[in-house]
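The structure is shown first, and the description follows.

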Amino acid sequence: MGREMASAFARWCALSDVTVQPVLTAVADLNPATLAWFDAIPSCTQRTTDYRELLANPLIDVVYVAVPHHLHEKLYLDVLAAGKDLFAEKPFGIDLAAARRILAGVSASGRFVRCSSEMPFFPGAQRAFALAQAGGMGRMLEVVSGFHHSSDLDPDKPANWKRLNATCGEGGALNDLGMHACHLPLRLGWKPTRLFAQLQKGYPTRPDGKGGTTACDTWDNALLHTWTSIAGTEVPLRLEMKRLAPGATNSWFIEILGTDGGVRFSTAEPKTLWIFERGKEQWWKRTELGFGVPFKTVTGGIFEPGFPDVIQQMWAAYLMEREGHLGGRFGCATPEEAVATHEIFAAALTSQQNGTVVGL
Ligand SMILES: NC(=O)c1ccc[n+]([C@@H]2O[C@H](COP(=O)([O-])OP(=O)(O)OC[C@H]3O[C@@H](n4cnc5c(N)ncnc54)[C@H](O)[C@@H]3O)[C@@H](O)[C@H]2O)c1
């Protein structure tokens, strides 16, 4: 993800109404081959295998941290202690206790901190959010929000740190994909009040990439059947996070349904927005979206956006909000929202363990 973010800065000239110019100055990684990739970025003059050297650099204002989950707490708190602003990766600590300690560190430091979650910056997601905020969908019937991968269907794919509880966290797919599913519902104020979880494990062993096999113990799929309160009414909200979803590569989706209106968007069809309307007849209206991103770009309005575009939009939101220039546009996930996702994940683990509905 570090390289993905660096690429977004490298084509910052695409943004036409952003008054902040990030300069990528330094990178830290344990792997020298990863560091060597940053030779392609002339401004990145400090490359180190010791991130503490980077934190000691007085030229640096903001640090983005993308490391395995068991390292989040230590590195995030070190960034704050060094007096830098932080762009954290999800899940914002390996578990709820870590997330709460990070939040306490954020509050004590007074630094500007947000958490990565780029999918809501897709034009279709922005439209779904705006329609939900505007209301007028009648009596709310249900909300489904999720993120599907098929990354674990191949049993021969070597294990990495995301398949081990020790490094990914007991939450597994919840930690990995949960922020993506929870971000828009939480921003809309739709926090689950109680939930029932169905969690499934993936393959128990995988190749270790060195000729042997290794045990894998994380949850791969999570279905959270929850209740939330929308305008004083209890509404079913289903949160889906899957690493075993046949056919899906990196599909984020949301569906919001009421008796009079609704909206549906999936990144599997990034140009397509479905809007439900009910009159004498019922209609699902299909709109071909263009490049309706929150921060204007040189890209023509008819063209379709993709993952690198929403990553860049998320960074524009982070940097503009940090300068006080968000101007009512969609902001990145807050530390409080990140902790709220962990409260949901912790309740899901309890529900799975006890086979019960858990209140939040
Ligand atoms: N926002 C998204 O869409 C998205 C997508 C993928 C991953 N992520 C998140 O990004 C984070 C990293 O995931 P990834 O897929 O990039 O993992 P990765 O394994 O590809 O990269 C992690 C990097 O951290 C480096 N590293 C490990 N320990 C280090 C240390 N002590 N000091 C410096 N570098 C160290 C590794 O060498 C590696 O290059 C995770 O929190 C993950 O959940 C977010």
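## Helix 1 against helix 9

In this predicted model, helix 1 and helix 9 are roughly perpendicular to each other, because the angle between them falls in the range of 65 to 115 degrees that carries this description. The angle at which helix 1 (residues 2–10) packs on helix 9 is about 75 degrees, and the two axes are 9 Å apart.

On the side of helix 1, the contact is made by Glu-4, Met-5, Ala-8 and Phe-9, while helix 9 contributes Phe-307, Pro-308, Ile-311, Gln-312, Met-314 and Trp-315. Sorted by class, the residues of this contact between helix 1 and helix 9 are eight nonpolar, one polar and one charged.

## Aromatic pairs and a cluster

The structure holds 15 aromatic pairs. One of them joins Phe-112 and Tyr-318, whose arrangement is tilted, with 5.0 Å from centre to centre and 50 degrees between the planes. Phe-112 lies in the loop between helix 5 (96–109) and strand 5 (113–115), whereas Tyr-318 belongs to helix 9 (residues 307–322), so the pair ties together parts that are 206 residues apart in sequence. Both partners are buried: Phe-112 has a relative accessibility of 16%, and Tyr-318 has a relative accessibility of 0%.

Another pair is formed by Phe-129 and Phe-330, with ring centres 5.1 Å apart and planes at 90 degrees, so this pair is edge-to-face. Since Phe-129 is in helix 6 (residues 123–134) and Phe-330 in the loop between helix 9 and helix 10 (335–354), the pair ties together parts that are 201 residues apart in sequence. Phe-129 is buried at a relative accessible area of 10%, and Phe-330 is likewise buried, at 6%. One aromatic cluster is formed by Phe-9, Trp-12, Tyr-64, Phe-87, Phe-112, Trp-315 and Tyr-318; among its members, Phe-9 and Trp-315 also take part in the contact of helix 1 with helix 9.

## Charged groups over rings

Lys-201 lies over the face of Trp-219, at 4.5 Å from the ring centre, and Arg-264 lies over the face of Trp-284, at 4.2 Å from the ring centre.

## Helix 4 and its surroundings

Helix 4 (residues 72–81) is largely enclosed by the rest of the structure, because seven of its ten residues are buried. These buried residues of helix 4 are His-72, Glu-73, Leu-75, Tyr-76, Asp-78, Val-79 and Leu-80, and the elements they pack against are helix 3 (51–55), strand 3 (62–65), strand 4 (85–88), helix 5 and strand 5. After helix 4 comes Gly-83, which has a positive phi, near 80 degrees.

## Exposed positions and separations

Arg-52 is placed in helix 3 and is exposed, with a relative accessible area of 57%. From C-alpha to C-alpha, Arg-52 and Glu-281 are 63 Å apart in space, and they are 229 residues apart in sequence.

Gly-211, which is found in the loop between strand 8 (205–207) and strand 9 (213–215), is exposed as well, with a relative accessible area of 82%. Its C-alpha atom is separated by 34 Å from that of Tyr-64, and the two residues are 147 residues apart along the chain; Tyr-64 itself is one of the members of the aromatic cluster.

How values were computed
Residues are numbered from 1 along each chain as its sequence is written. This is a predicted model: local features need pLDDT of at least 70, side-chain atom pairs count only at pLDDT 80 or more; totals for chains, interfaces and linings use all residues. Side-chain values use heavy atoms; hydrogens and water are left out. Rings of Phe, Tyr and Trp (its six-membered ring) pair if their centres lie within 6.5 Å; planes under 30 degrees apart count as stacked, over 60 as edge-to-face and the rest as tilted. Helices (H or I, at least four residues) and strands (E, at least two) are DSSP runs, numbered from the N terminus. Buried means under 20% relative accessible area, exposed over 50%, partly exposed in between (1.4 Å probe, protein chains only). A charge sits over a ring if NZ of Lys or CZ of Arg is within 6 Å of the ring centre and within 35 degrees of the ring normal. Axes are lines fitted to C-alpha atoms, for helices over the stretch in contact, and angles run from 0 to 180 degrees between N-to-C directions. Angles under 35 degrees count as roughly parallel, over 145 as roughly antiparallel, 65 to 115 as roughly perpendicular and the rest as oblique. Contact means heavy atoms within 4.5 Å. Ala, Val, Leu, Ile, Met, Phe, Trp, Tyr, Cys and Pro count as nonpolar, Asp, Glu, Lys and Arg as charged, and the others, Gly among them, as polar.
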